[in-house]
Amino acid sequence: MQVERTRLYRVRTVADSFDVSVATIYRAVESGALRAIRIGTGRGAVRIPGVAIEQYIAACESAAVTRAEREDQDEAGFAAGGAA
């Protein structure tokens, strides 16, 4: 997804570009992992700034690397006889 940092994106657009459900994006917003803004009164419309999408992608990449490193360490410990 080519992201324009200053643009505001609809939740559906972000979900489609990540190939996930809209609910997944709303969960990321509700958990604070993905920053969003609400425009209007009442329920309003949720929009996600392009810069927030970039930050979210970076955080997901970092989490994936950390998980892979942890799994590599676990496997190395098992191979060295660290686990029974």
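# A tour from helix to surface patch

Start by selecting D16. D16 counts as partly exposed, at 49% relative accessibility. (Buried means under 20% relative accessible area, exposed over 50%, and partly exposed in between, with a 1.4 Å probe and protein chains only.) The model on your screen is predicted, so local features need pLDDT of at least 70 and side-chain atom pairs pLDDT 80 or more, while totals for chains, interfaces and linings use all residues. Residues are numbered from 1 along each chain as its sequence is written, and side-chain values use heavy atoms, leaving out hydrogens and water.

**Stop 1: helix α1**

(A salt bridge puts a side-chain nitrogen of Lys or Arg within 4 Å of a carboxyl oxygen of Asp or Glu.) Both residues sit in helix α1, which covers residues 11–18. R12 and D16 are four residues apart, about one turn of the helix.

**Stop 2: the whole chain**

Zoom out and colour by secondary structure. Of the 84 residues in the chain, 20% are buried.

**Stop 3: the strands**

Select residues 45–49. This is strand β3, and it is mostly covered, with four of its five residues buried. Pick A45, which lies in this strand. A45 is partly exposed, at 26% relative accessibility. Now draw a distance from A45 to V11. Their C-alpha atoms are 9.3 Å apart, although 34 residues separate them along the chain.

Next, show β1, residues 8–10. Three bridges join β1 to β3, and the two run antiparallel. (Two strands pair if DSSP finds at least two bridges between them.) Click R10 in β1. Which residue is the bridge partner of R10 in β3? It is R47.

Stay on R47 and look for I37. I37 stands opposite R47 in β3. Strand β2 is residues 37–39. Three bridges join β2 to β3, again running antiparallel. The hairpin of β2 and β3 has five residues between the strands. Select G40 there: this glycine takes a positive phi near 100°.

**Stop 4: the other salt bridge**

The structure holds two salt bridges. Now select R5 and E54, whose closest N and O atoms are 2.3 Å apart in a salt bridge. R5 lies in the segment before β1 and E54 in helix α3, so the pair ties together parts 49 residues apart in sequence. Look at how E54 meets the surface. E54 is partly exposed, with a relative accessible area of 27%.

**Stop 5**

Select L8, I37 and I39. They form a nonpolar patch with about 220 Å² of accessible area together. (Patch residues have over 30% relative accessible area and no salt bridge; like charges are joined within 9 Å, nonpolar side chains (Val, Leu, Ile, Met, Phe, Trp, Tyr) within 5 Å.) I39 belongs to strand β2. I39 is partly exposed, at a relative accessible area of 42%.

Finish with E69, E71, D72, D74 and E75. Together they form a negative surface patch. (Asp and Glu count as negative, Lys and Arg as positive; His and the chain ends are not counted.) Click E71. Its place is in helix α3, residues 50–79. Is E71 buried or partly exposed? E71 is partly exposed, with a relative accessible area of 44%.

Terms used. Accessible areas come from the Shrake-Rupley method with a 1.4 Å probe; for residues, only the protein chains shown count as cover. The place of a charge is taken as NZ of Lys, CZ of Arg, CG of Asp or CD of Glu.
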